[in-house]
Amino acid sequence: MGRLFLAIWLVLGTGAASAQDLTALARVDPARSALRVLDGGGAELVLGLSRPVPYRVFTLDAPRRVVLDFSVVDWAGLDPATLSAAGAVTGVTVGPFRPGWSRMVLALDAPLAVAEAELKTGEAARLVLRLTPVDAAAFAAASGAPGSALFALPDPAADLPPPHRRQDGTRPVRVVLDPGHGGLDPGAERDGVVEADLMLAFARDLRDLLRREGGSGGGFEVFLTRNDDIFVPLEMRVSIARMAGADVFISLHADALAEGRARGATIYTLSDTASDVASEKLAERHDRADLLAGIDLTDHDDRVARVLMDMARAETQPRADRLADALVAGLERRIGELHKRPRLEASFSVLKAADIPSVLIELGFLSSARDRENLISADWRALAAEGIRDALVAWAAEDAAEALLLRQ
């Protein structure tokens, strides 16, 4: 059968139109929106909108999902939980996906095919999506992302410098900061504090601090993987770092634990074997965000590529380990107490750039009242940023010295 998807572009006005021209804002009407079970095990989604907008729908397998993209829907006022648990539809996720695009993802526990998708117009628009049961083989055959599941994505290399050789102290060190989560993946939330928003604010402050840092090599050039509340897939975050010619990649998070009393900053480096069960679950939860956001990961396992990457990591991993050690020392000097085990390892996908020393910093846990108080404090965050800056300065000097020795 091959992969099948529906794309509906409603051209508002006359003449040729680009994707940007088609962008319009529609507000969802929760009172006119519902998800109900159909006879025979199917499901029907009715989504009330204030106006018609371009949209498309497709399905993904492993796990099974239905993905709807809109240009653009304001989800304010809609509680996705009210649309969940309708037969085979076990969960609904909504939020910004790309500048100019919004996304809804329906999680399925049984294969349902798109039988009908229609945007009805009139005084108030409404999208009607009907899903009918099919067998697993038919669902898998028809599933898959369209030509680009990341349509309307600006070229991340457009204003980034070209790749370069390892830093040796004669030029600025290029740092890519990765504020975790964003868009339809807000990350952890506690008492009104949202991880995605908090980490974006911290990344901007840290960027500005690093850019003010001088030095014989010119200090730091700093780039962010996102500078707005948008969703960026894990693979794209790594690609942005590579296209920026990054000397170092730092992913920033502040997670929450359902169980336990963990608190304090933790620095992670990559390992196939997690340091403990909590680290393993944390890495799984971070990676699961891409699945919840409707990213197609079916073709991402290349054994040959993995062997080549392992060879490259033989050089970059010791550098990442030294960076992590420097971060522990820098943060400890500035903010004091860290996690009881501040240096941990786990298989975070965002750390898998084989050619770039990469670390992930959990600045604290939103599930800890004490950490939460620190994280929302501008003074504490400023000290944490200074600790990271101190670590990068020390690491860059040591790393440059090693590069010069290797070159001799």
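A cavity, as the word is used here, is a set of grid points where a 1.4 Å probe fits but cannot get out. Rolling a probe the size of a water molecule over the atoms shows where empty space is left. The model in question is a predicted one.

By this rule, the structure holds 2 cavities of 30 Å³ or more. The second largest cavity has a volume of about 40 Å³. Its lining is made up of 10 residues, and those closest to the centre are Q317, A320, L351, I356 and S358. Helix α6, which spans residues 303-335, gives the most to this lining, with 4 residues. Sorted by class, the lining of the second largest cavity comprises 6 nonpolar, 3 polar and 1 charged residues.

The next element to follow is a sheet. Strands of a sheet pair through backbone hydrogen bonds, either parallel or antiparallel. Here 6 strands form an open sheet with mixed pairing, in the order β14-β11-β15-β18-β16-β17. The edges are taken by β14 (220-224) and β17 (343-346); each has a single partner strand, so one side of each is left without a neighbour in the sheet. On average, and with direction ignored, neighbouring strands of this sheet are turned by 25 degrees against each other.

Y268 has L360 of β18 as its bridge partner. Helix α8 (residues 378-407) packs on the sheet, where it touches β11 (173-179), β14, β15 (248-253) and β18. The direction of helix α8 makes about 160 degrees with that of β15.

Terms used:
Residues are numbered from 1 along each chain as its sequence is written. This is a predicted model: local features need pLDDT of at least 70, side-chain atom pairs count only at pLDDT 80 or more; totals for chains, interfaces and linings use all residues. Side-chain values use heavy atoms; hydrogens and water are left out. On a 1 Å grid over the protein atoms alone, a cavity is a set of points where a 1.4 Å probe fits but cannot get out, and a pocket is an open set with protein on both sides within 12 Å along at least five of seven lines; lining residues have an atom within 4 Å of a point. Grid points are joined across faces, edges and corners, and a volume is the space filled by probe spheres set on the points. Helices (H or I, at least four residues) and strands (E, at least two) are DSSP runs, numbered from the N terminus. Ala, Val, Leu, Ile, Met, Phe, Trp, Tyr, Cys and Pro count as nonpolar, Asp, Glu, Lys and Arg as charged, and the others, Gly among them, as polar. Two strands pair if DSSP finds at least two bridges between them. Axes are lines fitted to C-alpha atoms, for helices over the stretch in contact, and angles run from 0 to 180 degrees between N-to-C directions. Contact means heavy atoms within 4.5 Å.
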